[in-house]
Number of protein chains: 2
Amino acid sequence: MELNEKYMKEAIKEAKKAECKDEVPIGAIIVREGKIIARAHNTRQTKQISTHHAEILCIEKACKKLGTWRLEECELYVTLEPCPMCAGAIQQSRIKKVVFGAYDSKGGFFGSNFNINEVKGLNHYPEVEGGVMKEETSKLLKEFFKRKRERRISS
Amino acid sequence: MELNEKYMKEAIKEAKKAECKDEVPIGAIIVREGKIIARAHNTRQTKQISTHHAEILCIEKACKKLGTWRLEECELYVTLEPCPMCAGAIQQSRIKKVVFGAYDSKGGFFGSNFNINEVKGLNHYPEVEGGVMKEETSKLLKEFFKRKRERRISS
């Protein structure tokens with residue numbers, strides 16, 4: 001199995017934890033030297049904190065684990081293309097590479113709506129690979145929102 | 001005294017708290033219905049967490065205070081133009097208005113380097129007012145970096 005898939009499956013596991021809490025199913029992990037050093041999932045609704053996206057929480061865990069805000073040797077795997085805030089957090093943390101699953105045409109800031117890497121003069125530009133396991137990661141989101149709609153109609 | 005100045009002075013007080021910790025002096029406050037509901041300053045070096053910018057910490061405090069991730073009625077005052085991450089967090093939090101002090105030609109994401117409000121299709125666009133007390137807020141940063149350089153030379 002390809003490494004990207006191996007790690008995306010771990011991010012999907014995190015996304016499913018979010019789903020169990022009735023949160024939008026988005027999960028992330030951070031890998032350093034082949035080892036998973038942080039895992040997190042979206043908890044925005046549960047905690048009612050706007051910054052509690054999977055990527056932000058995962059980055060904070062990785063910083064605490066390594067004792068530094070510089071995550072230069074780290075790769076972040078996330079099930080959905082990062083939003084402006086999370087793309088910015090990845091840039092601020094000097095993360096080496098981002099691998100994401102589903103594309104987000106509306107909020108995606110690594111190419112789908114806008115590409116933060118095209119802004120000149122920033123102090124870091126991560127490598128980016130999108131669309132890894134995109135069917136599985138998109139399906140997770142689509143089915144979540146479908147169930148939400150059905151529940152609304154039936155209630 | 002103009003309201004913008006009154007609140008920017010409070011953000012500057014926060015920036016000075018950062019300075020006392022040898023952090024880059026950046027401070028923020030959040031105001032709702034004329035009342036300051038959250039205050040925070042940059043603690044990135046002290047905590048070694050990349051996301052610990054003044055704005056992110058201030059937004060998180062405001063969410064906790066109000067019990068909601070939606071800060072629609074809130075205004076954020078910050079001494080420096082927000083970076084990509086913080087501009088994104090402001091957008092994610094649906095903050096009504098951002099007032100900033102010094103412009104940041106390198107990282108500023110509300111017009112100086114790039115303007116996040118020009119990206120189409122996002123779900124929120126805050127009002128923005130920049131350059132409030134820009135001399136004082138710029139001076140704070142310039143003097144901090146000047147002292148840093150002098151200390152490096154003399155050591």
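**Hairpin, sheets and interface**

Author: Happy to! This is a predicted model. In it, β1(B) and β2(B) make a hairpin that leaves two residues between the strands, and Glu33(B) in the turn has a positive phi of about 50°.

Reader: Nice. In what sense do β1(B) and β2(B) pair, and over how many bridges?

Author: Strand β1 (residues 27-32) of chain B pairs with β2(B) in the antiparallel sense, over six bridges.

Reader: Which residue in β2(B) is the bridge partner of Gly27(B)? And what stands opposite Ala28(B)?

Author: Gly27(B) has His41(B) as its bridge partner. Ala28(B) stands opposite Ala40(B).

Reader: Great, I can find those. In what order do the strands of the chain B sheet come?

Author: The order is β2-β1-β3-β4-β5 in chain B, an open sheet of five strands with mixed pairing. β2 (35-41) and β5 (127-129) of chain B are at the edges with a single partner strand each, so each has one side without a neighbour in the sheet. From one strand to the next, the twist averages 15°.

Reader: And where does helix α5 of chain B lie?

Author: Helix α5 (residues 134-154) of chain B lies across β3 (74-80) and β4 (97-102) of that chain, and runs at about 60° to β4(B).

Reader: Okay, switching to chain A. What is the strand order there?

Author: Chain A has an open sheet of five strands in the order β2-β1-β3-β4-β5, again with mixed pairing. Its edges are β2 and β5 (127-129), and each of these has a single partner strand, so one side of each lacks a neighbour in the sheet. The twist there averages 15° from one strand to the next.

Reader: How do β3 and β4 of chain A pair, parallel or antiparallel?

Author: Parallel: β3 (residues 74-80) and β4 (residues 97-102) of chain A pair over five bridges. Within that pairing, Val78(A) stands opposite Phe100(A) in β4(A).

Reader: Which strands does helix α3 of chain A touch?

Author: Helix α3 (residues 54-66) of chain A packs on the sheet and touches β1 (27-32), β2 and β3 of chain A, with its direction making about 140° with that of β2(A). Helix α5 (residues 134-154) of chain A also packs on the sheet, touching β3 and β4 of chain A at about 60° to the direction of β4(A).

Reader: Now salt bridges. How many are there over all chains?

Author: There are 20 salt bridges over all chains. One of them joins Glu10(A) and Arg39(A), whose closest N and O atoms are 2.9 Å apart. Glu10(A) lies in helix α1 (residues 3-20) of chain A and Arg39(A) in strand β2 (residues 35-41) of chain A, so the pair ties together parts 29 residues apart in sequence.

Reader: Last one: how much area is buried between the chains?

Author: About 2,700 Å², with 63% of it from carbon and sulfur atoms. In chain B, Gln48(B), Trp69(B) and Gln92(B) lose the most area to chain A, together 22% of what that side buries. The contact takes 34 residues from chain B and 35 residues from chain A.

Definitions and conventions:
Residues numbered from 1 in each chain as written. Chains lettered and ligands numbered in written order. Predicted model: local features only at pLDDT ≥ 70, side-chain atom pairs only at ≥ 80, totals over all residues. Heavy atoms only, no water. Contact = heavy atoms within 4.5 Å. Buried area = accessible area lost by both parts, 1.4 Å probe. Pairing = 2+ DSSP bridges. Helix = DSSP H or I, 4+ residues; strand = E, 2+ residues; numbered from the N terminus. Axes fitted to C-alpha atoms, helices over the stretch in contact; angles between N-to-C directions. Salt bridge = Lys/Arg side-chain N within 4 Å of Asp/Glu carboxyl O.
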